[in-house]
Amino acid sequence: MSSALQPSSAPVLDPITVEVIGAALSSIVEETGEALIRASYSTNIKERRDCSTALFNAAGHTLCQAEHIPIHLGSFIGIVPHIMKLHDLAEMKPGDVFVGNDAYEGGGTHLPDIVLAEPIFVDGAIAAWTVNLAHHSDFADRGHAHIYQEGLRIPPVRLYRAGQLQKDVQELILLNCQVPRERLSDLRAQMAANRVGVQRFQALCAKYGTTTVLAAGEALLDYAERKMRAGIAAMPDGTWRFEDVFDNPEITTNLPLAVDVTIARDSMTLHFESPDQLRAGLNMTYTALLATAYYVVKSVVDPTILPNAGLARPITVTARSGSVLNCAHPAAVNGRVQTCQRVSDLILGALAQAVPDRVTACSNSTCTVATFIGQRKDNGAIWVYLETMGGGGGARASKDGLDGVHVHVTNTSNLPVEALELEYPLTLLRYELVAESGGVGEFRGGMGLRRVYRADEDCRVRVDVSRLRSQSWGLLGGGPGGNGHVECGPGVTFDRDNAVLKAGQWFAVVSPGAGGYGPPEKRDPKAIQRDLAEGVIGTDTATTIYKA
Amino acid sequence: MARWRVGVDSGGTFTDVCLFDEEDGRVEVWKVSSTPDDPSRGIAQGVEEGMRRVAPESGDRPGASVAYFGHGTTVATNALIQHRGVRTGLVTTDGFRDLLEIGRQKRPDLYDMQADKPPTLVPRDLRQEVPERVRYTGEIDTPLDEAKMRAAARALKAADVKAIAVSFLYGFIRPEHEKRAVDILREEHPDAFICAGHEIAPEFREYERLSTVVLNAYLGPVMRRYIERLTPRLQGLGMTATPHLTQSNGGVIGFAAAADMPVRTVLSGPSTGVVGAQAIGTLAGFDELITFDMGGTSTDVALLQGGQCKMTSEAVVHGYPIKAPMLDIHTVGAGGGSIAYVDAGGLLKVGPRSCGADPGPVCYARGNEEPATTDANVVLQTLNPDYLLGGRMAVRQDLAREAIGRLAETLGLGVMETAQGILSVVTANMARAIRVISIQRGHDPRDYTLMAFGGAGPLHAARLAKELEMKRVLVPRNPGILCAMGLLLTDLRADFAATKLLPATEDSVTEVADSFASLTARAEDWFAQEHIEAAARRLTRTADMRYAGQNYELAVPLPDGPVTAATMHALTSGFADLHRQRYGFVADGEPVQLVTLRLEATGLVRKAELKSYPDAGPDANGAVIGQRQVWFPEAGDFVATPIYSRDALLPGNRFAGPAIVEQMDTTTVVPPGMKARVDAYLNLILEVTA
């Protein structure tokens, strides 16, 4: 028996109490995130931190999201409403935990992101939800013509019922996974994280009173909305259009993408145009598009706005249903983060016309991914290793772009070489910045990265990368960034998007560089000399482009 | 004869000396200006003057009466904050020189696209790659190319580096390549400070280890030069006691060890303050404390729950990851010497630029014309407008007033409003620092007592408490020298660790026993080197454990006695308990691993015992030494305010704000709306009037 608590007769709170509770909510989601990372087994969570945690109010609005991976918001904002649609609130009990991942029936954005959501009961009613997402690196070596090829689709169902594990559900999930031991352990870590979320939130309610906490939650949403509106209002009114293309090993032609951003007083509208959805894993669900737009707008308008649902109120996002950027069942979505990255830069390109000092030139504009899969020689178990690579960060109006970093909607760590080689039959031969890959300009674009792998056992590698046939644009006279590509050692052939590696063969992935900002002739001669000394540019670039 | 225990805390602005008589428990304090060009000068001067006062019988060998010398320093921290380490070279495994820049490939701020990473301490052209490769198993995949290593050493020497870090993959598992590289570097560049990953941070995760060893090299020559200057100066005073230096973990080590491992001292100064605060807070009956240590150049804050400050084994300090045991302390670059200015947007800003001890604030009349926080206090007369340091330093209020007047003109405000504005900005900055360690970690500052120390802490504490709605402020008897005092309350401490992946089963008994035996042997060497008597030696053993597959460990204490099968069972059940407590589950049947075995060696020292005094009743009038006009924002004007002498205040005394309490090492402001009382240990406790 339960009902959702609504902060109806909200008390009026002083600003300090609101701030203290707001900070306490942030520390709860950070703490749940730490519990998830520390208890997990898979390299993708324990070292690369490809996971997120959040708290939602009883109505399903984000109260607070941890500072992990912005795109994960796309899965969070979908799941609680789907749970409420599929399950009777009155039947929910303390200790119920829902698991889900589906892009069409579960509010997810791609199948490896498995979400665990648990209602938090205070005084017999649901006061909030603790939700976490872990990117399970599984469902590898699949087709991407439609979502049925991409892995197991899980609508939100109970994994725990009143604290009791639903073993049959768990077994069904695990049998569909390639690395079940890791999945089981990571699901346990996700449970541990939710447990922390429940306990901490209940303690917060015990300390301040549930009505005060819920009222503070509402006040924080209003506060984020006010800050967003004030920030937008300080920008010039108008409509700005920007166009770019998207390319990837999965597709043979460049996809045209466009956005119109309209600022009208204190609100902003973003309308996206893109071709019909693809028979490739590059489509974006609407919630992925929302999460991307919220991330970019917050970063440009005011990075300090609290990451909650209030900031979304002044923002309207539209795109044609059935198009790449707002796909419909049964479009495949596994590689949606590539497209999200391009969309981020698309929005920046439009906003550059309104507020050129606040944006960056185009970043590497993708999330370069290498996924290795093989079978252990000793016991035949399947192993899957997924890693994402940073690339160039776009140059800024007054400084160079960041070299070799994750940009925009993702921000995962690399896996220490000393962990990689211990866990998988791979050796990392080189990990370096790519000379000449940062776009020239008064301020240089960030450099891409190069990783060279040696297979120590036979395996297969799949690569998602972009800017193979296009380049990341510079701003106001800045040059474009270097291309992304793969390099094959002797005997290795890269076919479309994957390659077979025999033990002893090597293979390399290069992520794209970023665009420069301002004309190269205006670059400080000292900066050019430093780039030369550090081997960031060659003498040719120095003499022909910078005229140094 | 040698009966004085001496603690010296050398800050950016003042050098504090605390002297404790082992025989009768007397505590004396002395304070001199720091000498930032060569801090050892100020330290020697402080020790000399302090010892002459307490032990005049020692004549021209004032150091001869020193039985123990403990020292906390900000040398390493300041060099790091100001990026004033030496020109440093790096040698890495072929293919990995850029790791220092790439780090964990995360951007510095999730949403702020204008944020930057801290500068890379070794530029790309001073990062040399050498062919060599050890496997995670310890096998050698590629032997060290000695010819290329020698060429790298020569190139770095030719580039005139003063320090070189060596960090190879898996150097912590099999260090011979690193050792050979160090040998070659010493042959080719004997004058350079050289250190390697396996010596400084022999633990898994190559980037964090690399960052730690690079920082150690970058700071090495700075610390070495410092110690090489200080040692003869102390010897020149006739001191024969072994000098000690505090580490970031709150324990002390000998000078020689500190010179090799400067990276372990980046929180040297502040950690002693926390140790001192911990002792005094517990004694006074307050163990939920937020410490507020405001000095001339920087301010450190920490949170103590149940009287304890959390320890971390890895932290990011000023943007750089460091693998070393550290107290959880948050530092901001602002203090009494922070300079106030009007920024491009027309707003009043304070810091992070500081006028330091020399030339000091405008009121010191040593040539500085930009007003500092201290100048604002002198103009408002919260600080004595005529002299500081108990009369030893005259100040020029007229100069301070002129300087703030210039700022006031730019802002279009009155002089007093501008002076008060400077304090408001400082208070807001400090409140933000405290929010980081309290609110952001889920602790409500209103549940804590603010413990104010450092030369400027008590001056600003009441305003800060008000901003954060904290009800109580504790000002220890000698707030200006609490860090120095902490040095006399600190045990000697060294940490030894061995990373070794072993199953937590009976099969590992021999290896675990052997590992602890060799760690114990190292600890015994250290005890001998530090001249610690057998009765004062303590060893604590812990094992970092995890389920095979996890990458984060839980530290499980070992039971006493020899390592046997029973020890292993105690470890696994201890691990299960901790895991359940932390994560709410136990993975039955999953294999458990031992990752790092740790031995903490403590040499107990006789600590200064603080005396308590009998109650002398509430009447504080006997301590009033005068009255002056002090500007309070509550009145928007000068208010006639009584001045109390801290030295004359007795236990039980009570008085109400507005009031000013002066003592040699600090000034305490009791604003209107607060009352003050003195406890049995002569701490001053300010509370909001109900």
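A crossing of two helices is called left-handed if the near helix is turned anticlockwise from the far one by less than a right angle, and right-handed if clockwise. With that in hand, here are the views. The model is predicted, so to speak of local features takes a pLDDT of at least 70 and side-chain atom pairs count only at pLDDT 80 or more, while totals for chains, interfaces and linings use all residues. Residues are numbered from 1 along each chain as its sequence is written, and chains are lettered from A and ligands numbered from 1 in the order in which they are written.

**View 1. Helix 12 of chain B passes helix 13 of chain B in a right-handed crossing.** Helices (H or I, at least four residues) and strands (E, at least two) are DSSP runs, numbered from the N terminus. The axes of helix 12 (residues 415-437) and helix 13 (residues 457-467) of chain B come within 9 Å and cross at roughly 60 degrees; axes are lines fitted to C-alpha atoms, for helices over the stretch in contact, and angles run from 0 to 180 degrees between N-to-C directions. That makes helix 12 of chain B oblique to helix 13 of chain B (under 35 degrees is roughly parallel, over 145 roughly antiparallel, 65 to 115 roughly perpendicular and the rest oblique). Look for Leu423(B), Val426(B), Thr427(B), Met430(B) and Ala431(B) on helix 12 of chain B, which meet His460(B), Arg463(B), Leu464(B) and Glu467(B) on helix 13 of chain B. Contact here asks for C-beta atoms, placed from the backbone, within 7 Å.

**View 2. Five strands of chain A form an open antiparallel sheet in the order 13-12-16-19-18.** Strands pair if DSSP finds at least two bridges between them. Strand 13 (382-389) and strand 18 (494-495) of chain A stand at the edges with a single partner strand each, so one side of each is left without a neighbour in the sheet. Further in, four bridges join strand 16 (residues 459-464) to strand 19 (residues 498-501) of chain A, and Cys459(A) stands opposite Leu501(A).

**View 3. Four strands of chain A form another open antiparallel sheet, ordered 14-15-20-17.** Its edges are strand 14 and strand 17 (485-488) of chain A. Neighbouring strands are turned by 15 degrees against each other on average, direction ignored. Strand 15 (residues 449-455) and strand 20 (residues 506-510) of chain A pair over five bridges, with Arg451(A) opposite Val509(A).

**View 4. Chain A meets chain B through 51 residues from chain A and 42 residues from chain B.** Helix 1 (15-39) of chain A gives the most to the chain A side, with ten residues.

Methods
Two residues are in contact if their C-beta atoms, placed from the backbone, lie within 7 Å.
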